[in-house]
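I opened the model to look up a few local details. My entries follow.

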Amino acid sequence: MAEEEDYMSDSFINVQEDIRPGLPMLRQIREARRKEEKQQEANLKNRQKSLKEEEQERRNIGLKNALGCENKGFALLQKMGYKSGQALGKSGGGIVEPIPLNIKTGKSGIGHEASLKRKAEEKLESYRKKIHMKNQAEEKAAEQFRMRLKNKQDEMKLEGDLRRSQRACQQLDAQKNIQVPREAWYWLRLEEETEEDEEEKEQDEDEYKSEDLSVLEKLQILTSYLREEHLYCIWCGTAYEDKEDLSSNCPGPTSADHD
């Protein structure tokens, strides 16, 4: 007879338990999940189907099965020579499969879906129009900005040409010992001026401003003066010998003629 085990021996007393932290909690979580999954499976099996689901299942079964001779309509067709799988019509050009059954599940009335579709299309069209108008407005704003920028650049170019003309006029007049310009604005202002000269020039400037000449008009007047009085073209940068030399060798009296 086998020797009985001594429950007071070291083999029983010194057994160390697995006391790793968190291990009991993990086991409890796994066990709870397993029980929850079993309960869900049992609920799915025991769940009683609703009336709507039962009707759907019966309908699907009925639509899957072909009509038999017990159906009165099918029996009448057979008497008239129809065979299963044959197309309808005298010439056999009709449909083969029955018209599909579309079940309306919602509570809305007839035509409600068409109304919703029409409203959605109208909303989409309205959105497209808004986007189109927005794009047009942005394009118009960009075009206006480009025009303003171009006008600003053209204005700066005219001002530069006017200053060049004034400088050339001042130098050419000085060569002819002309002490006073024909108009006060024909010459550039000197940086160092006496107070008296400053006051006189301010008066001349005020008088001239009253005439409201634009930069372009000033440029046209001054370049005409330089061509007639000094036979000089600021765009050619040349003083010609006579009027015939000027007319034959200078492209024209404007900047565009020299492009």
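I checked the Ser255 side chain and found a polar contact with the side chain of Lys157 at 2.9 Å. A polar contact here is a pair of N or O atoms within 3.5 Å, one able to donate a hydrogen and the other to accept it; residues adjacent in sequence count only if both atoms are side-chain atoms.

This is a predicted model, where local features need pLDDT of at least 70, side-chain atom pairs count only at pLDDT 80 or more, and totals for chains, interfaces and linings use all residues. Residues are numbered from 1 along each chain as its sequence is written, and side-chain values use heavy atoms, with hydrogens and water left out.

I then listed the neighbours of Ser255. Beyond four places in sequence, Ser255 is in contact (heavy atoms within 4.5 Å) with Lys157 and Trp235. Its C-alpha lies 9.4 Å from that of Leu158, 97 residues away along the chain.

Is Ser255 buried or exposed? Ser255 counts as buried because its relative accessibility is 18%, and buried means under 20%, exposed over 50%, partly exposed in between (1.4 Å probe, protein chains only). I located Ser255 in the segment after helix 8 (243-249). Helices are DSSP runs of H or I, at least four residues, numbered from the N terminus.

Next I looked up residues 117-155. UniProt, in an unreviewed entry, places a "coiled-coil region" there; such annotations may be inferred rather than shown by experiment. In the model this span is 100% helix and 0% strand (strands are E runs of at least two), with its end C-alpha atoms 56 Å apart.

Last, I looked at Leu63. Leu63 sits in helix 3 (residues 51-64) and is exposed, at 56% relative accessible area.
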